[in-house]
Amino acid sequence: MGVMALGSTPGFEVWWMGDAGVGLGRGSGAADSPPGRWGRGGGTRSQPLRNPPIRPPQDDNWGETTTVVTGTSEHSISHDDITRITKDMEDSAHLDCSRHLGVSLAGALALLAFLTPLAFMLLPQLLWREELEPCGTPCEGLFISVAFKLLILLLGSWALFFRRPKAFFPRIFVFRALLMVLVFLLVVSYWLFYGVRILDSRDRNYQGVVQYAVSLVDALLFVHYLAVVLLELRQLQPQFTLKAVRSADGASRFYNVGHLSIQRAAVWILENYYHDFPVYNPALLNLPKSVLSKKMSGFKVYSLGEENTTNNSTGQSRAVIAAAARRRDNSHNEYYYEEAEHERRVRKRRARLVVAVEEAFTHIKRLQEDDQKNPREIMDPREAAQAIFASMARAMQKYLRTTKQQPYHTMESILQHLEFCITHDMTPKVRRGHGEVGRVSGGLPKGLVRRAFLERYLMAGPTIQYHKDRWLAKQWTLVSEEPVTNGLKDGVVFVLKRQDFSLVVSTKKIPFFKLSEEFVDPKSHKFVMRLQSETSV
Amino acid sequence: MSETHLRFLPVITIYFISFSFQQRIEIHKLRQGDNLILGFSIGGGIDQDPTQNPFSEDKTDKGIYVTRVTEGGPAEVAGLQIGDKIMQVNGWDMTMVTHDQARKRLTKRNEEVVRLLVTRQSLQKAVQQSMMS
């Protein structure tokens, strides 16, 4: 996280971290208003903070009161604290004028477009009612059609546009802007003609006016069709294959997408990241210390004779690297044995865990309808979970510790998961059995419950499976050499960065397949025995 | 289908010399009417079933073997024996050919003389015995 103030008041810490957090969360090329620089303007924006900040006297002095994060200080504040603090800062409401501006503008335009046909039809009635020619059945037919078309337009707009945005994009969405401009021009031109031809001249032909209004509604429906095609349909047919690689540990996936802009493709990748990639566990990444310690043990470089050392530094380092490579070191051996030992340990703990869980699940059984049981003995799933948790807690804890997963599972979460499994694999009420080992009455076989319960802990699941705190969904930054509203093309590379790792995404065009046809006559399948044939020459 | 030509001859010879002994046999074709005949029959090939070969020691060997030698024919005169494995014909490799390709290489109409490189088990045994003693 860079520089951090240690040993100062929590309020100050919160204040300072917020600045850095916001700065990181914005990323490249933010088109909206600059992130709030708290403390600079003396509080023109009021941000509801949890702790009111104790502002230091001047901002220029913060350099003296902060300390640079070294290796030791990074460990003294755990990763959890950092993420929690930044998350709090970003949750606190950050008024984003440009986004709300965009949404309100679109809403106003839509309302205008919707009400315009009604206005077209009502104005002659209001202004020069007496002079209008009577218009019988055709007008009524037109009224009905206008009503239904407007209703369809309303429903279609609701389906297409009135959705919670799933992401905040750094730049405007080109197609939406285009559509808004189109609608605006359409409505304005209709009003122009209306004003000149009908209002000024007080046209008497009411049917013509109504038909004019109907034509506007038709045009709006076609614009809506265009919106459907541009926003929804165009990206459906796959055109590109995106490869997303996580920089920290190399996990990679391939995805097929259609024509999208870079920012939309980035959001698409993120949506898939959360359910495809195994959760990022920094503890699993490092080689054991014993292996690495010998690596950089020294070579000293002595230069004999020549005093010209100015341009020798690269030469020296190259010599050191070459010597280190040539030296016979057995660290690969140690790595291998360390890995094998770790595997063995994990398997042993896993076996203990599986046995403990199986043992625990035999202690409860479903309540049958005809059982005559003391109401005191009947438990709901939560109590049942608590009852059997104790017997497996130790084995579970040891296993999680060995696989370095213990930050991801709190006791509460394990209990909840246990309760969930019990609820969904047996009926709600369970009875406390007294050592009824091996007798299962009804429901799914115990083995299934055990496996389903354990599945979550035996394998590292995708990020979305864990608690919301682990998601850190607001921290992604899009880094790209091309403007992010450009469409995807072959060879485009962009990076989705987060504090501790990044996702590198590269694009490749799906190849053009040339399929040729070959007709095989079903009667042409003939076979012969393989014999030793003899030919005389 | 790779066809080794004379320039690969030393390589193959060196490779095989460590395992077997080879003999060169020169057959002059006999004209009989419109045909040039050699006077023996061949069997084997990569498209044939090697397990039915009575002459090969290794039943996965798909090489070309001599299955019959006609009495008094040019092959017998030149010293070809039944059970020989033909390695090369005029420099063309015969260890990885189909049966029909082998036949074609032996019966080229414009060649009067074929020079074969053959190997036979009796020779191998003799060499092994002489090496061991």
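Buried, in all these views, means a relative accessible area under 20%, exposed means over 50%, and partly exposed is whatever falls in between (1.4 Å probe, protein chains only). You're looking at a predicted model: local features need pLDDT of at least 70, side-chain atom pairs count only at pLDDT 80 or more, and totals for chains, interfaces and linings use all residues. Residues are numbered from 1 along each chain as its sequence is written, chains are lettered from A and ligands numbered from 1 in the order in which they are written, and side-chain values use heavy atoms, with hydrogens and water left out.

**View 1. Chain A has 15 helices and nine strands.** Helices (H or I, at least four residues) and strands (E, at least two) are DSSP runs, numbered from the N terminus. Of this chain's 537 residues, 32% count as buried. Its accessible surface is about 34200 Å², and carbon and sulfur atoms account for 59% of that; the areas come from the Shrake-Rupley method with a 1.4 Å probe, and for residues only the protein chains shown count as cover. Now take the contacts (heavy atoms within 4.5 Å) between residues at least 6 apart in the sequence of chain A: 77% of them join residues at least 24 apart.

**View 2. The largest nonpolar core has 33 residues.** A nonpolar core is a set of buried Ala, Val, Leu, Ile, Met, Phe, Trp, Tyr and Cys residues joined through side-chain atoms within 4.5 Å. Among the residues with the most contacts inside this largest core are Phe120(A), Val183(A), Tyr206(A) and Leu220(A). Helices α5 (97-127), α6 (137-161), α7 (174-199) and α8 (206-233) of chain A each supply at least two of the core residues. The largest share, 13 residues, comes from α8(A). Zoom in on Val183(A): leaving out residues up to four places away in sequence, Val183(A) touches Leu109(A), Ala113(A), Leu220(A) and Val223(A). A second, separate core of 27 residues includes Leu353(A), Tyr399(A), Ile422(A) and Phe453(A).

**View 3. Five strands of chain A make an open sheet in the order β2-β1-β8-β7-β6, with antiparallel pairing.** Two strands pair if DSSP finds at least two bridges between them. The edge strands, each pairing on one side only, are β2 (252-257) and β6 (477-480) of chain A. On average, neighbouring strands of this sheet are turned by 25° against each other, direction ignored. Four bridges join β6(A) to its antiparallel partner β7(A) (residues 493-497), and Val479(A) has Val495(A) as its bridge partner in β7(A). Helix α9(A) (residues 262-276) lies across β1 (240-246), β2, β6, β7 and β8 (502-509) of chain A, at about 130° to β2(A). Axes are lines fitted to C-alpha atoms, for helices over the stretch in contact, and angles run from 0 to 180 degrees between N-to-C directions.

**View 4. Strand β9 of chain A (residues 534-536) runs antiparallel to β4(B), and three bridges join the two.** In general, strands of a sheet pair through backbone hydrogen bonds, either parallel or antiparallel. Ser536(A) stands opposite Ser41(B) in β4(B). Four bridges join β4(B) to β5(B), again antiparallel, with Tyr65(B) in β5(B) as the bridge partner of Gly43(B). Phe40(B) and Ile42(B) point one way from β4(B), Ser41(B) and Gly43(B) point the other way, and all are buried.

**View 5. Asn53(B) sits in the loop between β4 (40-43) and β5 (64-69) of chain B.** Because its relative accessible area is 3%, Asn53(B) counts as buried. Its side chain reaches the backbone nitrogen of Phe55(B) at 3.1 Å. That's a polar contact: a pair of N or O atoms within 3.5 Å, where, within protein, one must be able to donate a hydrogen and the other to accept it, and residues adjacent in sequence count only if both atoms are side-chain atoms.

**View 6. Met87(B) lies in strand β6 (residues 85-89) of chain B.** At a relative accessible area of 4%, Met87(B) is buried.

**View 7. Lys404(A) has a positive phi of about 60° although it is not a glycine.** You'll find Lys404(A) in the loop between α13 (381-402) and α14 (411-425) of chain A. With 33% relative accessibility, Lys404(A) counts as partly exposed.
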